[in-house]
Amino acid sequence: MSEAFDQLVKIMARLRSPTGCPWDREQDLISLKKYLIEETYEVIEAIDEADAQKHREELGDLLLQVVFQSQLASENKSFSIDDVVKGINEKLLRRHPHVFGDEKVS
């Protein structure tokens with residue numbers, strides 16, 4: 001994990017801790033659904049506007065939703081953000097044997 005990403009994960013854990021933010025501690029998967037949708041639409045809007053600064057910012061907000069939901073899952077002992085990252089790494093490797101394996105494509 002990069003240092004910045006690791007810091008993001010630690011910030012979210014702190015926000016959810018007993019000494020963290022009351023609003024963040026109150027959230028659950030159901031209450032966060034609307035933010036996931038909203039942030040996704042805002043990423044699309046930034047792409048449509050060809051606004052690189054806004055795109056970067058909105059991707060950060062979308063990433064926050066992934067980290068937030070992963071923190072909730074970690075608290076419930078379901079999975080961690082590391083599990084999410086490992087899972088997508090494995091999927092990308094599996095889906096691209098022509099790049100990461102011996103398979104040849106034309």
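This is a guided tour of the model, stop by stop.

The model is predicted, so local features need pLDDT of at least 70 and side-chain atom pairs count only at pLDDT 80 or more, while totals for chains, interfaces and linings use all residues. Residues are numbered from 1 along each chain as its sequence is written, and side-chain values use heavy atoms, with hydrogens and water left out.

**Stop 1: helix H4**

Select residues 52-75. This is helix H4, with 24 residues. Helices here are DSSP runs of H or I, at least four residues, numbered from the N terminus. From first C-alpha to last, H4 reaches 34 Å, close to the 34 Å expected at 1.5 Å a residue. The expected span is 1.5 Å times one less than the number of residues.

Go to the start of H4. A side-chain oxygen of Asp51 comes within 3.3 Å of the backbone nitrogen of Gln53. That is a polar contact: a pair of N or O atoms within 3.5 Å, where within protein one must be able to donate a hydrogen and the other to accept it, and residues adjacent in sequence count only if both atoms are side-chain atoms. Now jump past the other end. Just after H4, Lys77 has a positive phi of about 60°.

Next, colour H4 by burial. Buried means under 20% relative accessible area, exposed over 50%, and partly exposed in between, with a 1.4 Å probe and protein chains only. The buried residues of H4 are Glu58, Leu62, Gln65, Val67, Phe68, Ser70, Gln71, Leu72 and Ala73. They pack against helix H1 (3-16), H2, H3 and H5.

Zoom in on Gln65, in helix H4. Its relative accessible area is 6%, so Gln65 is buried. Not counting residues up to four places away in sequence, Gln65 touches Leu32, Tyr35, Leu36 and Glu39. Contact means heavy atoms within 4.5 Å.

**Stop 2: the nonpolar core**

Select Phe5, Val9, Met12, Leu32, Val67, Phe68, Leu72 and Ile81. These 8 residues make up the largest nonpolar core. H1 and H4 each supply at least two residues of this core. Such a core is a set of buried Ala, Val, Leu, Ile, Met, Phe, Trp, Tyr and Cys residues joined through side-chain atoms within 4.5 Å. In soluble globular proteins, nonpolar side chains tend to be buried together.

Centre on Phe68. Leaving aside neighbours within four places in sequence, Phe68 is in contact with Met12, Arg16, Trp23, Asp24, Gln27 and Leu32.

Then pick Leu29, in helix H3. Leu29 and Phe68 are 39 residues apart in sequence, and their C-alpha atoms are 9.1 Å apart. Leu29 is partly exposed, at 47% relative accessible area. Beyond neighbours within four places in sequence, Leu29 is in contact with Gln69 and Leu72.

**Stop 3: the aromatic pair**

The structure holds 1 aromatic pair. Show Trp23 and Tyr35. Their ring centres are 5.8 Å apart and their planes stand at 75°, so the pair is edge-to-face. Rings of Phe, Tyr and Trp (its six-membered ring) pair if their centres lie within 6.5 Å; planes under 30 degrees apart count as stacked, over 60 as edge-to-face and the rest as tilted. Trp23 lies in helix H2 (residues 22-26) and Tyr35 in helix H3 (residues 29-48), so the pair ties together parts 12 residues apart in sequence. Trp23 is partly exposed, at 39% relative accessibility. Tyr35 is also partly exposed, at 23%.

**Stop 4: salt bridges**

Turn to the charged side chains. The count comes to 4 salt bridges, each a side-chain nitrogen of Lys or Arg within 4 Å of a carboxyl oxygen of Asp or Glu.

- Arg16 and Glu75 meet at 2.5 Å, N to O. Arg16 lies in helix H1 and Glu75 in helix H4, so the pair ties together parts that are 59 residues apart in sequence. Arg16 is buried at 14% relative accessibility. Glu75 is partly exposed at 33%.
- Lys10 bridges to Asp6, with the closest N and O atoms 3.2 Å apart. Both lie in helix H1, 4 residues apart, about one turn of the helix. Lys10 is exposed at 54% relative accessibility, while Asp6 is partly exposed at 28%.
- Glu45 bridges to Lys54, the closest N and O atoms being 2.5 Å apart.

**Last stop: helix H5**

Select residues 81-95. Helix H5 has 15 residues, which should span 21 Å at 1.5 Å a residue; its end C-alpha atoms are 21 Å apart, which agrees. At its start, a side-chain oxygen of Ser80 reaches to within 3.2 Å of the backbone nitrogen of Asp82.
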